[in-house]
Amino acid sequence: YTIKFELRMDSEERYIQPVRRVKVIEDVQKWLVSPAYNDIVGFILALNNAVKGKSFQYSYETREEINLISKLFDLIKEEVDTIPLEKQEQRFGNKAFRTFGDHVVQKSQAWLENLLPDEHKNAVPEIKVYFDDCFGNYTRVDYGTGHEINFIAFLCCVCKIGFLNSSDYVPIVFILFKEYLSVMRKIQLWYKLEPAGSQGVWGLDDYQFLPFIFGSSQFLGNPIISPDQFIDPEVISKYHEDYMFLGCIKFINEVKTGPFGEHSNSLWNISSVQSWTKVNGGLIKMYKAEVLSKFPVIQHFNFGSILSFDDSIVNK
């Protein structure tokens, strides 16, 4: 997989309003051979490779562009903190999440225009679609891997237009994706979001999938922690701040009760895999088959000129 980093000229003709293109099940096959699929999968594999064998203690350079994107999460947290929950009888899906969504959609244009330099501002309407969709479905008040894909798409777009580049891959995972995960946990708990899909089948922990891919890559070549140890309370307690995978397991244990093998069966099965190399490779295959190839997930994804459905950027 190769990602074409396109340093675009500042011309409005080059950017278009993204729209849905996967409208019937037959369209999934077109998506699987699209430039967008190639870019998304290539980007995920590049990030996966960048964090291979590295704990969060790994030393790396952080460019100011990463810090600027990171500040978007402060704005998101402010919105969550300033919108009171609605009083309602149902246990799940607080409708205040719809107000939060309205605020994000209304304000993100200005946020992204402030983020990007002049030569990239024309890309904002295209990139905004992915940013707006990465926190959940504001109508259904749910969240799943389809929304997680939108955050990866947002990051891929800011790389493809040249604001970030391949030297940023480690901080993209270790700062931006980690912060996104933290914000999503706050949002999921605060608004009691339903897992998208039937019982969250598309995610490994009801909501997320990608942190387990990146997290298993961090363990590649690790002589201390083997796959059968990630459910060990002592290992989780000692290393959860160093490894994304263990941070995810710690969070699951905090929000779920009962035997781990019952409430998180897919993850439980991973603990019997012999090596992290097999875990990582298996999760990537599973992600392609169970998330990226599924119509219920991809039907909501939008395609524009940066992440295109076909080689022409004309909407048909």
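**Exercise 1.** Does Asn150 count as buried or exposed? Work it out from its relative accessibility in this predicted model.

*Solution.* Start with the cut-off: buried means under 20% relative accessible area. Asn150 comes in at 4%, so it counts as buried. Now place it: Asn150 sits in helix H6, residues 145-160. Finally, look at who it touches. Leaving out residues up to four places away in sequence, Asn150 is in contact with Tyr130, Asp133, Cys134 and Phe301.

**Exercise 2.** Find out which side chain Lys160 makes a polar contact with.

*Solution.* First, locate Lys160: it's in helix H6. Next, check its accessibility. The relative accessible area is 2%, so Lys160 is buried. Then look for the partner: the side chain of Lys160 makes a polar contact with the side chain of Asp39, at 2.5 Å.

**Exercise 3.** Check whether the length of helix H13 (residues 276-292) fits 1.5 Å a residue.

*Solution.* Count first: H13 has 17 residues.

**Exercise 4.** Explore the largest nonpolar core.

*Solution.* This core has 106 residues, and Phe100, Phe135, Phe154 and Ile187 have the most contacts inside it. Its largest share, 13 residues, comes from helix H7, residues 169-190. Now zoom in on Phe154: among the residues it touches, beyond four places away in sequence, are Ile69, Leu72 and Phe131. In general, nonpolar side chains tend to be buried together in soluble globular proteins.

Notes. Residues numbered from 1 in each chain as written. Predicted model: local features only at pLDDT ≥ 70, side-chain atom pairs only at ≥ 80, totals over all residues. Heavy atoms only, no water. Core = buried A, V, L, I, M, F, W, Y, C linked by side-chain atoms within 4.5 Å. Buried < 20%, exposed > 50% of the residue type's maximum accessible area, 1.4 Å probe, protein only. Helix = DSSP H or I, 4+ residues; strand = E, 2+ residues; numbered from the N terminus. Contact = heavy atoms within 4.5 Å. Expected span 1.5 Å × (residues − 1). Polar contact = N/O pair within 3.5 Å; in protein donor to acceptor, adjacent residues only side chain to side chain.
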